[in-house]
Amino acid sequence: MIYKVFLTIWMAVILVAAFLYTEAATGFPGETSRILFFHVPQAWVATLSFLLSMIASCVYLARRNVKADDLALSAAELGFLFCVLATVTGSIFAKASWGSFWNWDPRETSIVILLMIYGAYFALRSAVADPEKKRVFAGVYAILAFLTVPFLVFVIPRITASLHPEDTMNPANPGMDPKTLKVFLGSLLAYTALFVWMLRLRMRILRIEGNRIEGFRD
Amino acid sequence: MFAVTTLIAVSFSIGSFRIAEAEKPFLYAVLLWIILVFSALSGLSRSFVKEEEAGTMDVLRLSARPRAVFLGKLFFNLTLLGALELIIVPLFILVMKYKIEFPGFFAAMLISAGLGLGAGTTIVAAMIAQASARGALFSALSFPLLLPLMITAIKGCERAAVGIDTAGWPEVRIAIAYVVIMVVMSLFLFPLIWEE
Amino acid sequence: MYSLKLSKVRKYYSRTLLFDGISFELYPGEVLAISGWNGSGKSTLLRIIAGLVQPSAGQVEMFFRDEPIQRESRRRFLGMVAPALSLYEELTALENMEFFCRVRGVSYDRGNCLNIMGRVGLTEHAHKICRNYSSGMKQRLKLVQALLHKPPLLLLDEPGCNLDTKGMKIVENIVSDQRQFGITVIASNEKREVDYANRVINLSERSHSNLAA
């Protein structure tokens, strides 16, 4: 409960700070650079949940612990949600900044592949009726999909040069405005905390659903 | 059959004169791999689906070692892919007047990416054979896994056709790495999905 | 000395509970019959014992002289006949048997195969392609396939299906032979087949009592 209240206040503060406290970066049309505070954390959470889902899948395959599979599924579902958010916000930025909603920039390409993987993962889960089989198949597929990631990293940047702004918006860059950096890190933390909260909620729902079926015999 | 039909449709509608000379190496590589990948996706799942439909899958699970089954199916699929490439690629080169500057590299690319196609899809075929909506599911599951391989193969075939910067055959090496990783991981994961 | 032990086996299928709390131990010489209405999970329970399906909870264990047998090697010790299990229709009966011997890693002994085929009355059909077999002949051949490696655990799912009275008699003989050295589990509603057993589990009655409790 406290966690929820605190998270709400924090996100509100970040939201206000993102628009009022920081100044828009130069070199971008109008106020568009403020996307940094939303789009990048979303993409970060999408990546994080993909990684988490893959690790949970490995744990499930090794231990056959239903909770691990619940985590893998919840992380995949939230990852898909944040993936869609990042795609939509990025696309709006692309229109404002590069003139078109879609350019097949390397990162746009990789996020499309990620969306396809998530789609395939959910399709597989819904196509297998036996619950134990479903969990194992989903875990195996998550690992296989993850294996292609190093190849994508290796292969895609060679096709087209990235349009993504690297210098002014890269937090690792020392040239970043300190105010911007502060709010950006705050937002990153806020989004991660939001993700954890939603993840726990989703896992609880899955567990209750599971218990309800178990309770069938009583 | 599917492959030949597509090839005829493509060559009929595009012909070898529509595409400007400078664009040919790249666009031809794309067309060739679209034909190859999609005809592979239409056929490769049969290896396991056939067992499931005939009701022999479970008898096999009761009697055979899982890795032996996987390797058998993998070699079957690879043979199928080899035959597919042997028919389609010469036809494609003939019909589209595809000029290749560096045939050795081109052939190595076809072989290594063909191996990759088989390595990436055999374990998926084993999964979808035990699921519902098989045909659609096979393509949906395989395509994301094959995408990096497909991009590599297209790039490699283009490079071989143009004939510049071919030193070290970089795309062939990526494809071989893909084959090795997919086969090793499949050998590792296959018993899990087989014994369920 | 083999034994089979199930403890608190439970199975869901698409969110419905098939059965729960199935526990028993079987020793060589014993014949267990599993009966119950259609859809009560007889076949699924047999498939769980065979290792083809994972239970949602509980354990299936096999022991040899009190040493547990690993799941991966269990297939060597069991033979199974079920309506959903088929043989390769493109091959002849004998080719099928050769194939299954080879994948099992058992040396292929033509004489032994013909001998077992003689027991189920298929000797003169040994070189015919299985596609042309009648359903009763296919069922007999499935019995041969399950007996090839002399399994100490024999799982029979409706062994009498498609069989005539002669065929039923063959099943009876097989079960009584198996009783000499191994365990038999039969899933069936046929009174005749249930009567071979010295123990009976009725899945339908179990699930009713579970619901009432």
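Analyst: Happy to; we can go through a chain fold, a core, a helix and some backbone angles. Keep in mind that this is a predicted model.

User: Good to know. How many helices and strands does chain B have?

Analyst: Chain B has eight helices and zero strands. Along the sequence, the pattern reads α-α-α-α-α-α-α-α. The radius of gyration of chain B is 18 Å, close to the 16 Å from the globule rule for 196 residues, so chain B is as compact as a globular protein of that length.

User: And what box do the C-alpha atoms of chain B fill?

Analyst: Roughly 55 × 35 × 25 Å, taken along the principal axes. As for burial, 49% of the 196 residues in chain B are buried.

User: What about contacts in chain B that join residues at least 24 apart?

Analyst: Those make up 83% of the contacts between residues at least 6 apart in sequence.

User: Switching topic: which residues touch the most other members in the largest nonpolar core?

Analyst: That core has 174 residues, and the ones touching the most other members are Ala72(A), Leu124(A), Tyr141(A) and Leu155(C). Helix α7 (residues 134–162) of chain B gives the largest share of this core, 16 residues. In general, nonpolar side chains tend to be buried together in soluble globular proteins.

User: What does Leu155(C) touch?

Analyst: Leaving out residues up to four places away in sequence, Leu155(C) touches Leu46(C), Ile49(C), Ala50(C), Leu78(C), Met80(C) and Val185(C).

User: Now α4 of chain C. How far does that helix reach?

Analyst: Helix α4 (residues 135–147) of chain C has 13 residues and reaches 19 Å from its first C-alpha to its last, close to the expected 18 Å. Its buried residues include Met137(C), Leu141(C), Leu143(C) and Val144(C), and also Arg140(C) and Lys142(C).

User: What covers the buried residues of α4(C)?

Analyst: The cover includes β6 (78–81), α2 (93–104), α3 (110–119), β7 (153–157) and α5 (165–181), which belong to chain C.

User: Last one, backbone angles. Where does Lys150(C) lie, and what is its phi?

Analyst: Lys150(C) lies in the loop between α4 and β7 of chain C, with a positive phi of about 50 degrees although it is not a glycine. Most residues other than glycine have a negative phi.

Notes: Residues numbered from 1 in each chain as written. Chains lettered and ligands numbered in written order. Predicted model: local features only at pLDDT ≥ 70, side-chain atom pairs only at ≥ 80, totals over all residues. Helix = DSSP H or I, 4+ residues; strand = E, 2+ residues; numbered from the N terminus. Expected span 1.5 Å × (residues − 1). Buried ≥ 20, exposed ≤ 12 C-beta atoms within 10 Å, placed from the backbone. Contact = placed C-beta atoms within 7 Å. Rg over C-alpha atoms; globule rule 2.2 N^0.38 Å. Core = buried A, V, L, I, M, F, W, Y, C linked by C-beta atoms within 7 Å.
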